[in-house]
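Me: Hi! Could you walk me through the structure below? I'd like to start with the ligand.

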Amino acid sequence: MTISTDANLPADLAALAGLPFAKGHGTGNDFILVADPDGAYGISPAAVAALCDRHRGIGADGLIRAIRSEQLPEGRALLAAAPDAEWFMDYRNADGSVSEMCGNGVRVFVHFLADQGLVELAEGQSLTIGTRAGIKVVSRSANGYAVDMGPWTFIFPDHAVAKSMDSVVHADGLEVPRPALSISMGNPHTVVALAELGELAATKLYEAPQVEPLPEHGTNVEFVVPADPLVVDGAGSITMRVHERGVGETQSCGTGACAAAAAIRYWAGKGAPDDWQVAVPGGVVRVRFLPGQDGPEHVELSGPAVLVARGTLA
Ligand SMILES: N[C@@H](CCC[C@H](N)C(=O)O)C(=O)O
């Protein structure tokens, strides 16, 4: 692929010439992936935005740099407790902003590491990855990858608006603002439950929904419709659309699916299942809640990871 000379392109893009990249996705949430093991390339926010531009660049929801943990201060901090976290997922949103975590991205990231020969990972084996939201253990299976995402937490533990809600969200297409719950999966999410699929389709996500109060570092917003019946054969089922911080509407969001399942399960109360199917415009991911070893329960996200192209920045 060639990026032609263009006065509007950021100056540091030229320094990336010759850098190989791959393009991949997880349920339609798509990424540019580059391997920079020794941290030789500084990739500015403007360069990320230019590469992720769908008309003038390669086009993607985000860019993922594979870098050895020892090359970044946040990675070195993790290595002390997790010396096996050799690789760090340096995740950037399409607008160039940094995010702590990406659930679809981390599966595609591990698939990319294996594809590049940077790690060996057979079916049934696991790999520990460093992220800005701590270490994540990713296991390969016959049909994709499962990620131990760690615990989920409330962003506003006091639930300021009402017992089970803490925020109000307004989006075009919704007649009135809706109550919501903000949940951290390492990155921030605000989950809004809607009554039926027609309402979900009518919600317009060209612009960022307004969230009040807004979590300190902004938020990803998930609009969710619980299935009716909610539980079939022991598994819960929900349909979701998402507006991602730093991107816009995407086909899927792995951390968002985890936050959505956590919120609906919390609202459903005692007896709600631990196993969830989350349908997004780009496919279906599975979310499970598993007992923690000595602490809070962990969330496990499973889904596919696909590489579709390789190229060189020119
Ligand atoms: N699509 C991702 C989340 C990417 C980061 C997000 N936009 C943020 O800023 O937190 C996922 O699959 O989790």
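Reply: Happy to. This is a predicted model. By class, the shell around the ligand is made up of 14 polar, 3 nonpolar and 2 charged residues.

Me: Nice. How many residues surround the ligand, and which are the closest?

Reply: There are 19 residues around the ligand, and the closest are Ser 99, Asn 104, Asn 187, Gly 254 and Thr 255. Helix H3 (103-115) and helix H5 (254-268) are the elements that give two or more residues to that shell.

Me: And where does the ligand lie relative to domain 1 and domain 2?

Reply: Between them, because domain 1 (11-150 + 305-312) and domain 2 (153-289) both give residues to the shell around the ligand.

Me: OK, switching to the largest nonpolar core. Which residues touch the most other members?

Reply: That core has 80 residues, and Leu 33, Phe 109, Ala 257, Cys 258 and Ala 260 touch the most other members. H5 supplies the largest share of this core, with 8 residues. Domain 1 and domain 2 each contribute at least three residues to this core.

Me: What does Phe 109 touch?

Reply: Leaving out residues up to four places away in sequence, Phe 109 touches Leu 33, Ile 64, Ala 66, Met 89 and Ile 129.

Me: Last one: which residues of helix H1 are buried, and what do they pack against?

Reply: In H1 (residues 45-52), the buried residues are Ala 47, Val 48, Ala 50, Leu 51 and Cys 52. The buried residues of H1 pack against strands S2 (29-35), S3 (62-68) and S4 (87-93).

Terms used: Residues are numbered from 1 along each chain as its sequence is written. This is a predicted model: local features need pLDDT of at least 70, side-chain atom pairs count only at pLDDT 80 or more; totals for chains, interfaces and linings use all residues. A residue is near a molecule or strand if its C-beta atom, placed from the backbone, lies within 6 Å of it. Helices (H or I, at least four residues) and strands (E, at least two) are DSSP runs, numbered from the N terminus. Ala, Val, Leu, Ile, Met, Phe, Trp, Tyr, Cys and Pro count as nonpolar, Asp, Glu, Lys and Arg as charged, and the others, Gly among them, as polar. Domain bounds come from an automatic or database domain assignment. A residue is buried if 20 or more other C-beta atoms lie within 10 Å of its own, exposed if 12 or fewer, and partly exposed in between; C-beta atoms are placed from the backbone. Two residues are in contact if their C-beta atoms, placed from the backbone, lie within 7 Å. A nonpolar core is a set of buried Ala, Val, Leu, Ile, Met, Phe, Trp, Tyr and Cys residues joined through C-beta atoms within 7 Å.
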